[in-house]
Amino acid sequence: MQRRFKTFALPVALVTLVLLSGCLAPLQSGGGANAAQQATDAQPRTITVSGNGEVKAESDLAVLSVAVTATASSADEARAQVADRSETMRQALREAGVDDDAVTTSHFRVRPQYNHNGKERNVTGYEAVHVYSIEVSPDRAGEVLDVAVGNGANEVQHVSFTLTEEARADLRNDALNAAMDSARTDADTLASAANLSITGVQSVSTSGGHHPIEPRVEFDTAGANSGGTSFEPGPVTVSATVTVTYEAE
């Protein structure tokens, strides 16, 4: 009886395992395929494009960079000369109607000057430099520059025509809107070519800025009183670039 029981039990166990294996295998295979298909269906189709926008406007701000310099045998004497000339220039600008808040220091230094003689380096004097930034309306740029140079400033570093923060912000918004319109036009074209339609926006990023006009300025202080300085600035460009990822179906 024991032998018959063992002989009978073994085939039953094998058949049971085979049947179970046959039932489970299709279930596992089918579940994996369905899950993969569902994951694929759940992922939205996207179209990523870049758009550019550009707006031009007349500048409403001129920034003048002028320097008062002096050389002397001592650092303190060079500094004192620059201080005196700077105060003369500041007072002349006030009388010309330029507010003190519109005149700021952008750089100041006092440094020795050397005479290189072979391997030796000897101090021959000291140079002091005080660089000022002056903000005025564009139509007064030449006039104010002449006042500064005629009253102590002996170096014109650069002149730029740009935008105030308020004007820049307004034009930046216009440039961004133009860039978004450009991006949407490209996205609609690509979607149509792929038999899709745009359903929403997944992400947006932006970059860009404004480009001030900086004309080349050559100023001879020896001939400062020979005639007035005038400028004819061009328009300032404000640009924006957006990268947009659209959802499509």
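A residue is called buried when its relative accessible area is under 20%, exposed when over 50%, and partly exposed in between (1.4 Å probe, protein chains only). This is a predicted model, in which local features need pLDDT of at least 70 and side-chain atom pairs count only at pLDDT 80 or more, while totals for chains, interfaces and linings use all residues. Residues are numbered from 1 along each chain as its sequence is written, and side-chain values use heavy atoms, with hydrogens and water left out.

Start with helix H2, residues 75-95. Helices (H or I, at least four residues) and strands (E, at least two) are DSSP runs, numbered from the N terminus. H2 has 21 residues and should span 30 Å. That expected span is 1.5 Å times one less than the number of residues. The end C-alpha atoms lie 31 Å apart, which agrees.

Which residues of H2 are buried? They are Ala78, Val82, Ser86, Met89, Arg90, Ala92 and Leu93. Seen down the axis of H2, these fall within an arc of 160°, so they line one face of the helix. The arc is that of the directions from the helix axis to the C-beta atoms. An α-helix has 3.6 residues a turn, so residues three or four places apart point the same way. The face turned away from the buried side carries the exposed residues Asp76, Asp84 and Glu95.

What covers the buried residues of H2 includes strands S2 (61-72), S3 (103-117) and S4 (120-136), and helix H3 (141-149). Contact here means heavy atoms within 4.5 Å. Take arginine 90 in H2. At 18% relative accessibility, arginine 90 counts as buried. Leaving aside neighbours within four places in sequence, arginine 90 touches Asp100, Val103 and Tyr132.

Now turn to H3. H2 and H3 pack at an angle of about 145°, with their axes 8 Å apart. Axes are lines fitted to C-alpha atoms, for helices over the stretch in contact, and angles run from 0 to 180 degrees between N-to-C directions. Met89, Ala92 and Leu93 of H2 make the contact with Val144, Val147 and Ala148 of H3.

Two strands pair if DSSP finds at least two bridges between them. S2 pairs with S4 in the antiparallel sense over 11 bridges. There, leucine 64 has isoleucine 134 as its bridge partner. S2 also pairs with S5 (residues 155-162), again antiparallel, over 7 bridges. Alanine 62 has phenylalanine 161 of S5 as its bridge partner.
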